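Visitor: I have a model open and would like to go through it. Can we start with how you use your terms?

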Amino acid sequence: DMSTVGIVMATYNGEKYVREQIESILGNTYTEWKLWLWDDGSKDSTVSILKEYEEKYPGKIIVYQNQENLGVVQNFLLGAKRCDTDYIMFCDQDDVWKKDKIRKTLEAMRETEEKEGADYPVTVFSDVVVVDSELRKINPSFYQVSKLNTKKLDLNHLLMENKLIGCTIMMNSPVKKLLTNLPKSARVHDWWIALITSAFGKIVYLPEATMLYRQHENNVIGNENFLSYIQNRLRNLKKQKQVLMDTQRQAYEFLQIYKNELSKEDKRVVYEFANLRNRNWFQRRYIIFTRGYLKTGLIRNLGVFLIV
């Protein structure tokens, strides 16, 4: 049966690439989708490009203009919340989807739902090809170059480190139903979805690249190599401390919103992470180590032990 997939794209001053992105969705082999375009106050010609597509594909492409600037996290989560489809995908304004992205992601989703039941919260994410602004290949696999461990998707690991690339995500409606209160402290929208799904359902990794992930100088999440990662970390210890604080704040808000739904064990896991800042030097390191609030790889974890 053909389920409708809702695609939520948040746009902001995206005139340069948004046409290419929409065309790549239109070119997908799976055609039962609706594209919701949420513009967050673009000052360039983005909105007129979006409206052009809305006129051409009425009922299939829908444009909304936010009354006030929401910022990317709220824009995506609110967009997802308002989607009325069985499945929801996130989409960035400047990438290019491979033509089988929707189909392959949906297959991985359905396979999991068959095992777990249709009312079980499932989120699927995949790898991407990293490309430059002209779509020239930089790296065939983001996860290979970033060395992020896609197997460690338990709550303990995810509280400390996000593993998901937001624009590869598909979630089912049971995940969406859990988006009750929208967070103020979520660091990125995909991280919030990851925490919810890890606590109440299952995250599934599809180990193949489903899209071209465009990197620019001004990209939100860079794709730096390992050595420059370390150098940046050492140079910006103060900033890193702040990032870790923000991550704990995210956990604290997660606990506030879901404390009645979380299992006793998960509640403790989240509580201890959220309250790291109230522990002494030794306790913080001991808790991180014994609880497994770890990042991927020795170097990143040494970084954590340095700043925590």
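Guide: Contact here means heavy atoms within 4.5 Å. Also, this is a predicted model.

Visitor: Fine. Leaving aside neighbours within four places in sequence, what is Lys 98 in contact with?
Guide: Once neighbours within four places in sequence are set aside, Lys 98 is in contact with Asn 28, Val 129, Ala 209, Thr 210 and Met 211.

Visitor: Where does Lys 98 lie?
Guide: Lys 98 lies in the loop between strand S5 (96-97) and H4. Its relative accessible area is 33%, so Lys 98 is partly exposed.

Visitor: On to H4. How many residues does it have, and what does it span?
Guide: Helix H4 covers residues 101-116, which is 16 residues. From first C-alpha to last it reaches 23 Å, close to the 22 Å expected at 1.5 Å a residue.

Visitor: Which residues of H4 are buried?
Guide: Lys 101, Ile 102, Thr 105, Leu 106, Ala 108, Met 109, Thr 112 and Glu 113. Down the axis of H4, these buried residues fall within an arc of 160°, so they line one face of the helix.

Visitor: What is exposed on the other side of H4?
Guide: Glu 111, Glu 114 and Lys 115. Just after H4, Gly 117 takes a positive phi of about 100°.

Visitor: Which residues are buried in H2?
Guide: In helix H2 (residues 46-56), the buried ones are Thr 46, Val 47, Ile 49, Leu 50 and Tyr 53. They too line one face, because seen down the axis of H2 they fall within an arc of 160°. Glu 55 and Lys 56 are exposed on the other side of H2.

Visitor: What covers the buried residues of H2?
Guide: The cover includes strand S1 (5-11), helix H1 (18-26), strand S2 (33-39) and strand S3 (61-65).

Visitor: Back to backbone angles. Which residues other than glycine have a positive phi?
Guide: Among them are Asn 13, with phi near 45°, and Lys 147, with phi near 60°. Most residues other than glycine have a negative phi. Asn 13 is in the loop between S1 and H1, and Lys 147 is in the loop between helix H5 (142-146) and helix H6 (155-160).

Visitor: How many salt bridges does the structure hold?
Guide: The structure holds 14. One of the pairs is Asp 100 with Lys 104, whose closest N and O atoms are 3.0 Å apart. Asp 100 is buried at 18% relative accessible area, while Lys 104 is partly exposed at 23%.

Visitor: What does Lys 163 form a salt bridge with?
Guide: With Glu 161, the closest N and O atoms being 3.1 Å apart. Lys 163 is buried at 1% relative accessibility, and Glu 161 is buried at 6%.
Guide: Glu 161 also meets Arg 300 in a salt bridge, 3.9 Å from N to O. That pair links distant parts of the chain: Arg 300 is in helix H13 and Glu 161 in the loop between H6 and strand S8 (170-172), 139 residues apart.

Conventions
Residues are numbered from 1 along each chain as its sequence is written. This is a predicted model: local features need pLDDT of at least 70, side-chain atom pairs count only at pLDDT 80 or more; totals for chains, interfaces and linings use all residues. Side-chain values use heavy atoms; hydrogens and water are left out. Helices (H or I, at least four residues) and strands (E, at least two) are DSSP runs, numbered from the N terminus. The expected span of a helix is 1.5 Å times one less than its number of residues. Buried means under 20% relative accessible area, exposed over 50%, partly exposed in between (1.4 Å probe, protein chains only). The arc is that of the directions from the helix axis to the C-beta atoms. A salt bridge is a side-chain nitrogen of Lys or Arg within 4 Å of a carboxyl oxygen of Asp or Glu.
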